[in-house]
Amino acid sequence: MPLFILPLIGRFHPLIVHLPIGFILFALILMYYPRKDKNLLLPTVQFALHLSTLMSFFACITGIILYNQEGYAFDTLQNHLILGILTALTCLSLFLLVKKYQTLSDPKIHVGSAILF
């Protein structure tokens, strides 16, 4: 792999980090959209949570690449790194909960969405 590829991928982190944020907000808005049949939007919420999970892990990877390539101090990025990983894991757990229960009205899903918000 050419030497310039990893720093280039790492520099895309500020752009890539906003994609999961948008997908998370989209999923949360759809989860609490006022409708009689909440499960009508279930496939769309699952898709949005799936995309947010994938993109948040990709954002974590690009952030770690950026951290290693650009020489940032760990003290300045420690909270950012921990919160990014926790956000990715919370997205994954909420996605798995929605997939498992196949409903948007379970109390565990409400707790997970509140934590993610």
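Two residues are said to be in contact here when they have heavy atoms within 4.5 Å of each other. The model is a predicted one, so local features need pLDDT of at least 70 and side-chain atom pairs count only at pLDDT 80 or more, while totals for chains, interfaces and linings use all residues. Residues are numbered from 1 along each chain as its sequence is written, and side-chain values use heavy atoms, with hydrogens and water left out.

Setting aside neighbours within four places in sequence, glutamine 46 is in contact with Phe95, Val98, Lys99 and Gln102. Glutamine 46 counts as buried because its relative accessibility is 13%, buried meaning under 20% relative accessible area with a 1.4 Å probe and protein chains only. Isoleucine 85 lies 39 residues from glutamine 46 along the chain, and their C-alpha atoms are 20 Å apart.

Helix H4 also holds threonine 53. With a relative accessible area of 6%, threonine 53 is buried too. Leaving out residues up to four places away in sequence, threonine 53 touches Cys91, Leu92 and Phe95.

As for valine 98, its contacts beyond four places in sequence are Leu42, Gln46, Leu49, Thr103, Leu104 and Ile109.

Then there is the largest pocket, with a volume of about 680 Å³. A pocket is an open set of points on a 1 Å grid over the protein atoms alone, where a 1.4 Å probe fits, with protein on both sides within 12 Å along at least five of seven lines; lining residues have an atom within 4 Å of a point. Its lining counts 28 residues, and Val17, His80, Leu83, Gly84 and Thr87 lie nearest the centre. H3, H4, H5 and H6 each supply at least two lining residues, with H5 giving the most, ten. By type, the lining splits into 21 nonpolar, seven polar and no charged residues.

Conventions:
Points joined across faces, edges and corners; volume = space filled by probe spheres on them. Helix = DSSP H or I, 4+ residues; strand = E, 2+ residues; numbered from the N terminus. Nonpolar A, V, L, I, M, F, W, Y, C, P; charged D, E, K, R; others polar. Buried < 20%, exposed > 50% of the residue type's maximum accessible area, 1.4 Å probe, protein only.
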